[in-house]
Amino acid sequence: MSDNFRPRLGIYTGDQPGHSDMLNFDESRFLSIQGGAVALAARIDAIIGEALAAGAPNIHFLGAGGAAILMQPAAQLLRRRSTFPVFDDLTAELLVTPSPNLTKASIVVIPSLSGTTKESVEMLALAKSRGATIITLIGHAATPLGEGDHHVLVNYAADDTSSESFYIQSLLIALAVLKHRGEIDNYDALLAEMQGLPWQLLAMKKAIEPRADAFARRIADHDYHIFTGAGPIWPETFYFGMCILEEMQWIRTRPVHASDFFHGTLELVEKGVSVVVLKGEDETRPLAERVERFVPTVGGELTVIDTADYPTQGLSAELRGLLGPAFLATLLERISAHLEVMRNHPLTTRRYYRRVAY
């Protein structure tokens with residue numbers, strides 16, 4: 001396998017023999033979950049519109065662990081396109097060092113797939129005590145985060161489908177803020193495009209499936225990886241390294257933002273060191289491309305996964321840029337599915353997480 005391992009795959013059309021079956025994957029379940037996320041748009045729009053009309057002073061994305069990471073692209077979008085104050089503090093830190101910015105009428109978004117995450121449950125109580133407008137994004141209703149008089153948005157998902165769902169929901173929140181503040185003029189057009197998103201994500205999965213095993217082998221053949229990405233792609237880079245490879249596969253990784261790669265991490269790259277570059281289609285793409293150019297020059301083993309290699313139908317360039325994290329999540333899930341079989345290590349296996357007290 002060459003050092004610069006970069007497949008170029010076209011979109012699945014349905015008439016490519018042998019590409020219709022995906023390993024350990026339920027198409028109808030996936031479409032239902034992602035369709036459920038898109039269907040929350042109207043409720044999200046109404047909640048955000050009401051909160052802003054009532055004078056909300058800011059918005060806080062306050063999850064824990066992986067769920068918090070998945071909110072970061074939405075927070076970043078608002079910081080770059082809006083003057084509305086946005087906060088995405090680490091919830092565990094915020095609980096011990098309270099912020100004066102979390103005030104009455106603040107919009108607080110708390111994602112938790114299980115609805116039981118300890119820090120998130122504590123944050124719900126704190127946000128209520130401050131008089132905030134609270135939105136919980138959860139996968140199960142009969143849970144601590146699903147009960148109460150706050151806004152509860154339930155969309156069932158599991159670990160293999162939750163990333164795209166959370167990315168979609170948080171993007172809808174950010175777009176609703178922009179809309180009601182008059183900072184975006186094509187909200188309706190973007191929402192119309194998103195109606196077909198679940199099928200476009202499915203097509204991407206089918207497109208990468210023929211090479212997912214090769215990507216997984218690339219990961220399985222090394223016990224240490226450097227992962228890098230930039231802009232809205234960085235959170236998915238961090239998430240995949242920490243929550244999938246470290247937590248679910250016990251593979252050592254070093255996620256580093258592409259902006260910081262040349263401020264330390266580059267000294268670790270030498271012959272045989274695996275560097276995985278994740279690329280999206282937003283304005284920060286050149287930062288990832290700079291790493292891509294450098295790694296082969298010093299003998300590193302480069303793997304590139306680029307959303308631009310997976311075309312879609314009916315999605316504008318703007319929306320493709322915004323959906324980069326969801327695109328990569330859906331592609332990387334196929335690699336994870338092959339990796340767990342290849343290594344005989346189910347993604348549900350844990351030694352410590354929710355197994356021991358800590």
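Asp45 is a buried residue, with a relative accessible area of 16%. The value falls in the buried class because that class takes residues under 20% relative accessible area. The model described here is predicted.

Asp45 lies in helix α2. Leaving aside residues up to four places away in sequence, Asp45 touches Ala176, Lys179, His180 and Tyr187. One of these contacts, Lys179, is also a salt-bridge partner of Asp45, with the closest N and O atoms 3.1 Å apart. This pair links distant parts of the chain: Asp45 sits in helix α2 (residues 41–53) and Lys179 in helix α7, 134 residues apart. Lys179 is partly exposed, at 30% relative accessibility, whereas Asp45 is buried.

The side chains of Asp160 and Arg29 meet with an N to O distance of 2.8 Å. Because Asp160 belongs to helix α7 (residues 159–180) and Arg29 to helix α1 (residues 27–38), the pair ties together parts that are 131 residues apart in sequence. Asp160 counts as partly exposed at 26% relative accessibility. Arg29 is likewise partly exposed, with a relative accessible area of 25%.

**Salt bridges elsewhere**

Side chains of opposite charge can pair when their charged atoms come close. The count for this model comes to 22 salt bridges. Among them is the pair of Glu292 and Lys279, at 2.9 Å from N to O. Glu292 is in helix α11 (residues 285–294) and Lys279 in strand β9 (residues 274–279), so this bridge ties a helix to a strand across 13 residues of sequence. Both Glu292 and Lys279 are buried.

| Asp160 | Arg29 | 2.8 Å |

**Aromatic pairs**

A search of the whole structure finds six aromatic pairs. One of them joins Phe227 and Phe240, whose ring centres are 5.7 Å apart; their planes stand at 50 degrees, so the pair is tilted. Phe227 lies in strand β7 (residues 224–229) and Phe240 in helix α10 (residues 233–248), so the pair ties together parts that are 13 residues apart in sequence. Phe227 and Phe240 are both buried.

Trp234 and Phe238 form a stacked pair, with 5.7 Å from centre to centre and 0 degrees between the planes. These two residues are separated by about one helical turn, because they are four residues apart in helix α10. Trp234 counts as buried at 17% relative accessibility, while Phe238 is partly exposed with a relative accessible area of 28%. Ring pairs also link Phe261, Phe262 and Phe294 into a cluster.

**The annotated SIS region and Ala141**

An unreviewed UniProt entry carries the annotation "domain: SIS" for residues 48–188. Over residues 48–188 the chain is 45% helix and 15% strand. The end C-alpha atoms of this stretch are 15 Å apart.

Ala141 is placed in the loop between β5 (133–138) and β6 (151–154). Ala141 is partly exposed, with a relative accessible area of 42%. Not counting residues up to four places away in sequence, Ala141 touches Gly146, Glu147 and Val154. The C-alpha atoms of Ala141 and Gly115 are separated by 7.5 Å, and these residues are 26 apart along the chain.

**A nonpolar surface patch**

Tyr352, Tyr353, Val356 and Tyr358 form a nonpolar patch on the surface. Together these residues have about 500 Å² of accessible area. Tyr352 is located in the segment after α13 (324–342). With 52% relative accessibility, Tyr352 counts as exposed, because the exposed class takes values over 50%.

Technical notes: Residues numbered from 1 in each chain as written. Predicted model: local features only at pLDDT ≥ 70, side-chain atom pairs only at ≥ 80, totals over all residues. Heavy atoms only, no water. UniProt positions renumbered as here; feature names shortened; annotations may be inferred. Buried < 20%, exposed > 50% of the residue type's maximum accessible area, 1.4 Å probe, protein only. Contact = heavy atoms within 4.5 Å. Patch = residues over 30% accessible without salt bridge, like charges linked within 9 Å, V, L, I, M, F, W, Y side chains within 5 Å. Areas by Shrake-Rupley, 256 points an atom, 1.4 Å probe, with all protein chains shown as cover. Salt bridge = Lys/Arg side-chain N within 4 Å of Asp/Glu carboxyl O. Phe/Tyr/Trp six-rings, centres within 6.5 Å; stacked < 30°, edge-to-face > 60°.
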